[in-house]
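Subject: Structure handover

Hello,

Here is the structure for you to look over. My notes follow below it.

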Amino acid sequence: MKFATFEPAKERRSGPSEAIILFSVSNQTFAIAASDVQEIRSTDSLSGTANEIDCPDLPKVRHTIDRARQKYYVVNAAQHFGLPVSRPTLVLILRQLRAAILVDRIDRMTEISAAYPLPRAFTGEERRWYRGLTYIDDHVIPVVQPAGFLTSQEFWRLEEAAHQASQRELEGARL
Amino acid sequence: MNAPIDTSMNARPTAAQEARQSFVLVRIGERRFAAPANLVAELSPPVRLHRFPHTTSLVSGVIIRRGKIVPVCNASDIVGGRKSSANLFYLIADGSAAESGELVAIPVNGESELVAGEIRPAEQAAPGYICGSLLLGEEAIDVLDLRELAKALETNAELSRAEGQS
């Protein structure tokens, strides 16, 4: 992961631990495993390289970016989590999934010893969104599940929309 | 209430006490209820409620109690009455009360007390989460079936989610 401002941990705790990135969206803090993030870029650096995509039933995805000859879908995290509209400044490009996540800012990087399972009283979409909860500095923070940002069905719909858009472009070029 | 009641201490009851069950009297919204003391893990002070985005309608967040993450379920939405943050405590229902086997916190208001009494059968028209009534002086107080209440909370959450999706 390319992340220039990361400072090495000052103290090492015994036992297994996991490096996580704390990020904010609409004043809400989330955690994501550092190993799930391939790269963090500013949204400014993407201007000009991002392409628009029109998939009306998935308003959380409005752009795609091309990386290593692959199309990455850009998910607005505020819309994904049902939070008020925010002004994202960074994009987290995920490692295992062709998705990039628009977030407001990175708070810091830290290590956790465990992500506690989400209590079973939570029965909604959050079961897909989060792989657990962690407790850092008196705050309970959800640890996001990268695969929760886009389901395979949503991917399929986006692929379809992207394919149709490229077809329209080709037809336009022929005319 | 000055101090939280910890009912997890297993003091051995006498035979007379066993015949008369113990209940914790709590106020949920505007109504008083009795909860079987053996299913109440703790009455916790108003510790910090941690919120994060989710779509389960009757869960407002989580609290941390004794190193555990405990979901807070808004029982007042089920049993009726207005929500109030005045003199807030959390009744933490023992894990055996919920199908998940996990602790569940229910916000309660005002004074709580531990009483002993005999439970009388519930009225036929009573909702499933009322398992009887407790006569205290001239007042009949509904006894909560915490297992059924936990089920009702889960069912209600599923219903409101289905409504949201449609």
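Contact here means heavy atoms within 4.5 Å. This is a predicted model, where local features need pLDDT of at least 70 and side-chain atom pairs count only at pLDDT 80 or more, while totals for chains, interfaces and linings use all residues. Residues are numbered from 1 along each chain as its sequence is written, chains are lettered from A and ligands numbered from 1 in the order in which they are written, and side-chain values use heavy atoms, with hydrogens and water left out.

Glu154(A)

Leaving aside neighbours within four places in sequence, Glu154(A) is in contact with Leu58(A), Lys60(A), Arg128(A) and Phe149(A). Glu154(A) sits in helix H4 (residues 152-174) of chain A. Helices (H or I, at least four residues) and strands (E, at least two) are DSSP runs, numbered from the N terminus. Glu154(A) counts as buried, at 12% relative accessibility. Buried means under 20% relative accessible area, exposed over 50%, and partly exposed in between (1.4 Å probe, protein chains only). A polar atom of the Glu154(A) side chain lies 2.9 Å from the backbone nitrogen of Thr151(A).

Chain A overall

Chain A has 11 strands and four helices. Of its 175 residues, 46% are buried. Among contacts in chain A with a separation of 6 or more, 58% are between residues 24 or more positions apart.

Aromatic pairs

The count is 10 aromatic pairs over all chains. Rings of Phe, Tyr and Trp (its six-membered ring) pair if their centres lie within 6.5 Å; planes under 30 degrees apart are stacked, over 60 edge-to-face, and the rest tilted. Phe81(A) and Trp129(A) have ring centres 5.3 Å apart and planes at 90°, so they are edge-to-face. Phe81(A) is in the loop between helix H2 (77-80) and strand S7 (90-94) of chain A, and Trp129(A) is in helix H3 (residues 126-129) of chain A, so the pair ties together parts 48 residues apart in sequence. Phe81(A) is buried, at 4% relative accessible area. Trp129(A) is buried as well, at 4%. Trp129(A) also pairs with Tyr130(A): centres 6.0 Å apart, planes at 75°, so edge-to-face. Tyr130(A) is buried at 2% relative accessibility. Ring pairs link these residues into a cluster that includes Phe149(A) and, from the other chain, Phe52(B).

The interface

Chain B gives 19 residues to the contact and chain A gives 22 residues. The area buried between them is about 1,700 Å², with 67% from carbon and sulfur atoms. Buried area is the accessible area (1.4 Å probe) that two parts lose on being put together, summed over both. Phe52(B), Pro53(B) and Ile69(B) supply 34% of the area that chain B buries against chain A, more than any other three residues.

Polar contacts join 10 residue pairs between the chains (both at pLDDT 80 or more). A polar contact is a pair of N or O atoms within 3.5 Å; within protein, one must be able to donate a hydrogen and the other to accept it, and residues adjacent in sequence count only if both atoms are side-chain atoms.

Best wishes
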